[in-house]
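Biologist: I would like to learn how to read a few features of a structure with you. Could we take them one by one?

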Amino acid sequence: MPLSTQRRRRSAGLAGRDFLLLLAATLGTFSNYAPLLSVAPLWAARGGSGNAGVGAVTGVTMATTVGVQLCMKWLLRRMSLRRTLVVGALLQGLPTFAYPLSAGLGWVLAVSAVRGVGFGMVAVAGSALVAELVPAHSRGRALGWYGVAVGLPQVLCLPLGVWLAEHIGFTPVFLATGTLSVLAAAAIRTRPRPEEPSGNRAFKADGGSLRPFGRPFTVLIAAACALGGVTSFLPLALGEPSVAPVALFLLSGAVIVGRWAAGVFSDRAGTGRLLVPSVLACVIGMGGFGLATAPFGDGAMLPATAAVVYGLGFGALQNDTLLIMFRHAGPRGHGAASTAWNMAYDAGTGIGAVAVGLTSHALGVDGSFIAAAVLILLVAPLALR
C-alpha cells in the first residue's frame, strides 16, 4: 500500500488525526466563547449598564458574527477552511485581553464586536470541516462528537466563568479565555480529505444560496433566541445567586447529551426524526424558566429541571437541523450549509439576548422567557413538515 494512502487513512474518519485535532481546536475556541456569553454582560453590568446595555453585549457579538457569516462565500473563495479557522481563533482570542481596560459599555461593545467576527469564522469553518473530514455514513456521530467539543466548554467554563468572575475577579477570566483561543490557533492542523471539496469549492450548492435551508433555519433560529435570553439574563433574574451557575451547568450538559445521542440515533434511524420532540422539549423548558424567574418562583428544582429539558431538546435540534442542511446541500455545499446553520444559531442567540433585554421592561424577564416559549411553539409546524 502506498505511504500516501496509509497517511490519508490514518488522518480520516472519527479516530483520524485531523478530526481529533479539529476537536482540540474547537475545545480551545469555545472555551473562550462560552464563558464570556455570561461574563461579558456581567462586566458591562459592573460598569453601570442597564438591562438593555447588558443584552446589547451578546447582541453585538452575535451581530458581527452573523455579519461575517454573510461574507463567508467571499472569504472561502480566498482562504482555505483551515486558514479561516486559524484567523478566526486569533481574532476571537486576542481582543479578549482588552476587556479589563474598561467596563464602560462602549468599550465592551467594541471588543465584543471584534470577537464576534472571529467567532463567526471559527463556527462556519469548524462545522464545515466536520463534513469533509468524516465519511457521510459516520457524519451523525461526527457531528455528535463535535457537539461534545462545543458543549464541554459550556458545561464547565460557562458556570465556572461566572463563579470565578464573582469570587476572584473578571481580569483572570479574560486572560485565561483569551489564551485558550490563541493556543487553539496553534493546534489547528486539519486538512480536508483529498476526494472532497474545501475552501472555495465548499460553497457550490445553489451558488451559495441559503434558500434550500429555510425550514430548519427557521426552527433553529427560534430555539436559539431562547438560549440567548437565558445565558444573558438567568444569572441576573434568579432570586438566589447560587442557583444560576447550577442551572447553566445542567443546561450545557444536557445540550451535549442531546446532541451526541441525536447523532448516534440519526446514523441508525435516519435524519430528522427527532425534530418534533426536540421542539416540544424546548417549549417546555423555556416555560419552566419563565416560571422559575417569576416573582413567586423559588428554589433550585424548577430552574434545574427546565435547564435539563430545554438542553436535551436544543442539543438534539442542533444535530438534526445541521444534518438536514448538509443533506440538502450535497457534497459540494458544506460551506453553504454550515453558514446557514451558524447564522441561524448565532443570529438567534443575539436577537434573543437583545429582545429579552428590551421586553423585560414591560414583561419582566419571566414574561420574556414565556414569550420565547410561545415563539418556539409557533414554528413547530415547520418541524412536522
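Modeller: Gladly; we will go from the overall fold to ring pairs, cavities and one glycine. This is a predicted model, in which local features need pLDDT of at least 70 and side-chain atom pairs count only at pLDDT 80 or more, while totals for chains, interfaces and linings use all residues. Residues are numbered from 1 along each chain as its sequence is written, and side-chain values use heavy atoms, with hydrogens and water left out.

Biologist: How many helices and strands does the secondary structure of the chain come to?

Modeller: Helices (H or I, at least four residues) and strands (E, at least two) are DSSP runs, numbered from the N terminus. Here the chain has 14 helices and zero strands.

Biologist: And what percentage of the residues in the chain is buried?

Modeller: Buried means under 20% relative accessible area, exposed over 50%, and partly exposed in between, with a 1.4 Å probe and protein chains only. Of the 385 residues in the chain, 59% are buried. As for contacts (heavy atoms within 4.5 Å), take those between residues at least 6 apart in sequence: 86% of them join residues at least 24 apart.

Biologist: Now the aromatic rings, please. What describes a pair of them?

Modeller: A ring pair is described by the distance between the centres and the angle between the planes. Rings of Phe, Tyr and Trp (its six-membered ring) pair if their centres lie within 6.5 Å; planes under 30 degrees apart count as stacked, over 60 as edge-to-face and the rest as tilted. The whole structure holds 12 aromatic pairs. In one of them, the rings of Trp43 and Phe170 have centres 5.0 Å apart and planes at 45°, so this pair is tilted.

Biologist: Which helices hold Trp43 and Phe170?

Modeller: Trp43 lies in helix H2 (residues 17–46) and Phe170 in helix H8 (residues 170–187), so the pair ties together parts 127 residues apart in sequence. Both Trp43 and Phe170 are buried. Ring pairs also link Trp43, Tyr99, Phe170 and Phe174 into a cluster.

Biologist: On to empty space. How is it found?

Modeller: A probe the size of a water molecule, rolled over the atoms, shows where empty space is left. On a 1 Å grid over the protein atoms alone, a cavity is a set of points where a 1.4 Å probe fits but cannot get out; lining residues have an atom within 4 Å of a point. Grid points are joined across faces, edges and corners, and a volume is the space filled by probe spheres set on the points.

Biologist: What about the second largest cavity?

Modeller: The second largest cavity holds about 70 Å³ of space. Its lining includes Tyr33, Tyr99 and Arg115. H2, helix H3 (51–70) and H6 each give two or more residues to that lining.

Biologist: Finally, is Gly287 buried or exposed?

Modeller: Gly287 is buried, with a relative accessible area of 17%. Its place is in helix H11 (residues 275–292). Not counting residues up to four places away in sequence, Gly287 touches Ile370 and Ala373. Gly287 and Asp366 are 79 residues apart in sequence, and their C-alpha atoms are 8.9 Å apart in space.

How values were computed: On a 1 Å grid over the protein atoms alone, a cavity is a set of points where a 1.4 Å probe fits but cannot get out, and a pocket is an open set with protein on both sides within 12 Å along at least five of seven lines; lining residues have an atom within 4 Å of a point.
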